[in-house]
Structures are given as C-alpha cells and as structure tokens.
Amino acid sequence: MKENMPRFNPERDREWRERLTRLQYHVTRESGTEPPNSGIYYMEEREGKYLCICCGNILFTSEMKYHSNCGWPAFHTEHPDAGIIRLEDNSFRMLRVEVRCGSCDAHLGHVFDDGPLQFGGERYCINSASIDFVQGENNDD
Ligand code: FE
C-alpha cells in the first residue's frame, strides 16, 4: 500500500533543514504538532490556495476551509489533486488517522469525523506550519 511512498532522501532532507523553520521541519518531517491557537493560518479567511510547505503540492483551497474552533486550521475537503495519504496513528494512546502530503510524505495533521455534514462530515485538522498560503482566486491555473 505504501509502495509509491517517497523514501528518505538525504538531499531533500538537507534542503528542508535549511529552508524550513524549526517548527515547520518538526511538524512535517518529525510528525510534530504546533501548539493550539498558535498557527498563522488558523484564522485565515482570504481567498487562496494552501500548498505543502515542503514541496508545493496543492492541498486545499480557501473554499474548503472553515472555522472549527479546534485550535488549528480546519478543512472539510481536500483538493482533488492533493492525493493526501491516510495512515493509522496510535500514538498518545489515541486511535487517530494521520494525513500526509501525497507528494513528499510531509506530516500535515489528522482527519476526524466531526466535520460539517453537508460536505461529507470530515475535518482535516492541519498544522499551519505544514502549509503555505498563496493568496489569489481559486482557479487552478
Ligand atoms: Fe509535500
């Protein structure tokens, strides 16, 4: 099932260590979590796209974002080209579903089933540190 997952690449890892902040690196490459209510995109409402901070893969758009009051940016849907990977996560004595970038395997956050029902009932709980916001209209060109 994980056959196509990128393997650890020392060159990319070096680039990420140089380019990312410590928090961005910790979240994406070491499956960390930013403190609640601290992320720069938690309250973001502008129109635009959210890309993987590591590789630029498109993950979400502002149309998929909503306010969940959970302390992290929340999305009800992923972008059709995101290819987000879901993995069972049993850490911290909880059973959760981890979500990772389909392109570079960056840890993004988790997906829960308490999202808005009109959009399918899922809540992607995403670390601001794992994404890059690009302001603009929500078209794909
Ligand atoms: Fe990525």
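This is a predicted model: local features need pLDDT of at least 70, side-chain atom pairs count only at pLDDT 80 or more; totals for chains, interfaces and linings use all residues.
Colleague: How many disulfides does the count come to?

Modeller: A disulfide needs two cysteine sulfur atoms within 2.5 Å. The cysteine sulfur closest to that of Cys 54 belongs to Cys 104 and is 4.6 Å away, which is too far for a bond. By this rule the number of disulfides is zero.

Colleague: Is Cys 54 buried or exposed?

Modeller: The cut-off for buried is under 20% relative accessible area. Cys 54 has a relative accessible area of 5%, so Cys 54 is buried.

Colleague: Which residues touch the most other members of the largest nonpolar core?

Modeller: In soluble globular proteins, nonpolar side chains tend to be buried together. Here the largest nonpolar core has 24 residues. β1, β2, β7 (107-112), β8 (123-126) and β9 (131-135) each supply at least two residues of this core. The members that touch the most others are Cys 54, Leu 59, Phe 60, Phe 75, Ile 84, Tyr 124 and Ile 126.

Colleague: Leaving aside neighbours within four places in sequence, which residues is Ile 84 in contact with?

Modeller: Contact here means heavy atoms within 4.5 Å. With its neighbours within four places in sequence left aside, Ile 84 is in contact with Leu 59, Phe 60, Glu 78, Val 99, Arg 100, Gly 102, Leu 108 and Tyr 124.

Colleague: What do the buried residues of α2 pack against?

Modeller: The buried residues of α2 are Gln 24, Tyr 25, Val 27 and Thr 28. Thr 28 has a relative accessible area of 0%. As a group, the buried residues of α2 pack against α1, β6 (96-100) and β7.

Colleague: Which residue follows α2, and what is its phi near?

Modeller: The helix α2 spans 22-30. After α2 comes Ser 31, with a positive phi, near 55°.

Colleague: Is Asn 57 buried or exposed?

Modeller: Asn 57 is in the loop between β1 (48-52) and β2 (58-61). Its contacts, leaving aside neighbours within four places in sequence, include Tyr 50, Asp 81, Cys 101 and Ser 103. Of these, Cys 101 is at 0% relative accessibility. Asn 57 has a relative accessible area of 15%, and with the cut-off at under 20% Asn 57 counts as buried.

Colleague: Is Leu 95 buried or exposed?

Modeller: Leu 95 is in the loop between β5 (85-89) and β6. Not counting residues up to four places away in sequence, Leu 95 touches Glu 88, Asp 89 and Asn 90. Its relative accessibility is 65%, and exposed means over 50%, so Leu 95 counts as exposed.

Colleague: How far apart in space are Leu 95 and Gly 56, C-alpha to C-alpha?

Modeller: Leu 95 is in a loop, and in sequence Leu 95 and Gly 56 are 39 residues apart. Their C-alpha to C-alpha separation is 29 Å.

Colleague: Which residues are the closest to the centre of the largest pocket?

Modeller: The largest pocket holds about 200 Å³ of space, and 13 residues line it. The lining divides into five nonpolar, two polar and six charged residues. The closest to the centre are Arg 7, Phe 8, Trp 16, Arg 29 and Cys 104.

How values were computed. Residues are numbered from 1 along each chain as its sequence is written. Side-chain values use heavy atoms; hydrogens and water are left out. On a 1 Å grid over the protein atoms alone, a cavity is a set of points where a 1.4 Å probe fits but cannot get out, and a pocket is an open set with protein on both sides within 12 Å along at least five of seven lines; lining residues have an atom within 4 Å of a point. Grid points are joined across faces, edges and corners, and a volume is the space filled by probe spheres set on the points. Helices (H or I, at least four residues) and strands (E, at least two) are DSSP runs, numbered from the N terminus. Ala, Val, Leu, Ile, Met, Phe, Trp, Tyr, Cys and Pro count as nonpolar, Asp, Glu, Lys and Arg as charged, and the others, Gly among them, as polar. Buried means under 20% relative accessible area, exposed over 50%, partly exposed in between (1.4 Å probe, protein chains only). A nonpolar core is a set of buried Ala, Val, Leu, Ile, Met, Phe, Trp, Tyr and Cys residues joined through side-chain atoms within 4.5 Å.
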